[in-house]
Amino acid sequence: MDSRHLRWKRMVSSSAAAPGGGPVSRVIVEPSSGIRGELTVPGDKSVSHRAVIFGSIAEGITRVSGFLFGEDNIRTMDAFRAMGVDIDADGASLTVKGVGLDGLMEPDDVIDAGNSGTTARLLMGLLAGQTFFSVITGDRSLRERPMGRVIRPLTAMGGAMAGRVENTLLPLAIMGRRLSGVEYSSPLASAQVKSAVLLAGLYADGDTTYTEPVKTRDHTERMLKAFGAPVSIDGNMVRISGRPTLAGTELVVPGDISSAAFFIVAALITPGSEILIRGVGINPTRTKIIDLLVRMGADIALLNRTTALPEPVADLRVRSSKLHGIDIGGEEMAGAIDEFPILCIAAAVADGKTTVTGASELRVKESDRIKAMAEGLTTLGVSVEERPDGVTIEGRQRLGGGSVKSYGDHRVAMSMIVAGLVSDGRIEVEDVSCIDISFPGFMDALKEVA
Ligand code: S3P
């Protein structure tokens, strides 16, 4: 990236409140003439949450390297500290002094999950089987996101909880109960629901099975194995036996492929680019974004594959490529659910049409991502048809300029900044403070490959 062509300004104003609550800031991005160099991305958000959760309820010490100190993960860490777990942070490493399955203490205040759906939903599963009372809340965005999907299976296990709007929304009070195993077949493709049920299953009498319609990210299953829990997997069904002993362990958190995706697409769409992203997690339940981009014509190579407990890792080499539009169905989108915003940017500059269908889940993420991306791209002169369960985007060679909103959604904010690299006019992205939720240092990392 040539600094003469790309510049950004960060303006922070504390007078207006962002949807999530924090200060509002704005970035102005101008076109780039190529992205080159090597970089690493911060640790995987999903794996970092689970490292804290399982480390806390294991016996003995768990050491975690590569931990993501994003705002969401800090919420999870603070929740366990509030339940009496000693967690030491040193650089990107954590030492978690596990208290065992029955060692958590009643928190003396409400647990605030902030913007983090993973914190709220996984904790709901864990807290349902405790011997104490707890309350979970979140920011304005999280308080609008559906929780009934977790409450239903937990209630079937004997869980007792009460939430706002007929037991569907946070804040939610959880009266810890003795749980029984369940055979649950989920209508939804959701790793958060699966993980909540499996965490409750750890505290339940007997076995719990969870069957999902599509295989979603399996970080919880891998963690359970790493901590020595009796878990078995048969296709889309996971079985866990209740009340095992988990043994503290050493974990390496890989680079987050969902964060790498912003740089992958930036390099693909900016002519004259070549980058190497080192140490990215390539768990097959997370690499659908690479498959989709390759189908669009992307030049992405996976180099130096290794396995670090509990996830496989590789370096990704990405070169600018001529992309073309494709059709993406709901099952495929479920495998790249967090990558929809950045995929929309790739589609916006690809040749021809890209259609996403069967992905109404995108409407209940940190923002309504279908609406946020359709609106943003329309502002930039792209022709977008918005439907209840997806979009059709007509690719065009260059994007126009304009002022676009992030809706307080970290992935929308980063996607719009990437769009600015290939726009003819200047793009102004409003409210980018939310980027710290998953990728603190994103702007510096982008500058670095300039
Ligand atoms: C996550 C699961 C996904 C994903 C989220 C993280 C996880 O949510 O969108 O960012 O860590 O389990 P759903 O399970 O709601 O699809």
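Modeller: This is a predicted model. The count comes to 32 salt bridges.
Colleague: Why is the pair Arg 26 and Glu 428 called a salt bridge?
Modeller: The closest N and O atoms of Arg 26 and Glu 428 are 2.8 Å apart. The cut-off is within 4 Å, so the pair qualifies.
Colleague: What does the pair Arg 26 and Glu 428 tie together?
Modeller: Arg 26 lies in strand E2 and Glu 428 in strand E26, so the bridge ties together parts 402 residues apart in sequence.
Colleague: Why is Glu 428 called buried?
Modeller: Its relative accessibility is 16%. Buried means under 20%, so Glu 428 counts as buried. Arg 26 has 31%, which makes it partly exposed.
Colleague: How do you know that Arg 149 and Glu 361 form a salt bridge?
Modeller: Their closest N and O atoms are 2.8 Å apart. That is within 4 Å, so the label holds. Arg 149 is in helix H4 and Glu 361 in the loop between strand E22 and helix H12, so parts 212 residues apart in sequence are tied together.
Colleague: Are Arg 149 and Glu 361 buried or exposed?
Modeller: Arg 149 is at 11% and Glu 361 at 19%. The limit is under 20%, so both count as buried.
Colleague: What makes Arg 319 and Asp 299 a salt bridge?
Modeller: The closest N and O atoms are 3.9 Å apart. The limit is 4 Å, so this pair counts too. Arg 319 sits in strand E20 and Asp 299 in strand E19, 20 residues apart.

How values were computed:
Residues numbered from 1 in each chain as written. Predicted model: local features only at pLDDT ≥ 70, side-chain atom pairs only at ≥ 80, totals over all residues. Heavy atoms only, no water. Salt bridge = Lys/Arg side-chain N within 4 Å of Asp/Glu carboxyl O. Helix = DSSP H or I, 4+ residues; strand = E, 2+ residues; numbered from the N terminus. Buried < 20%, exposed > 50% of the residue type's maximum accessible area, 1.4 Å probe, protein only.
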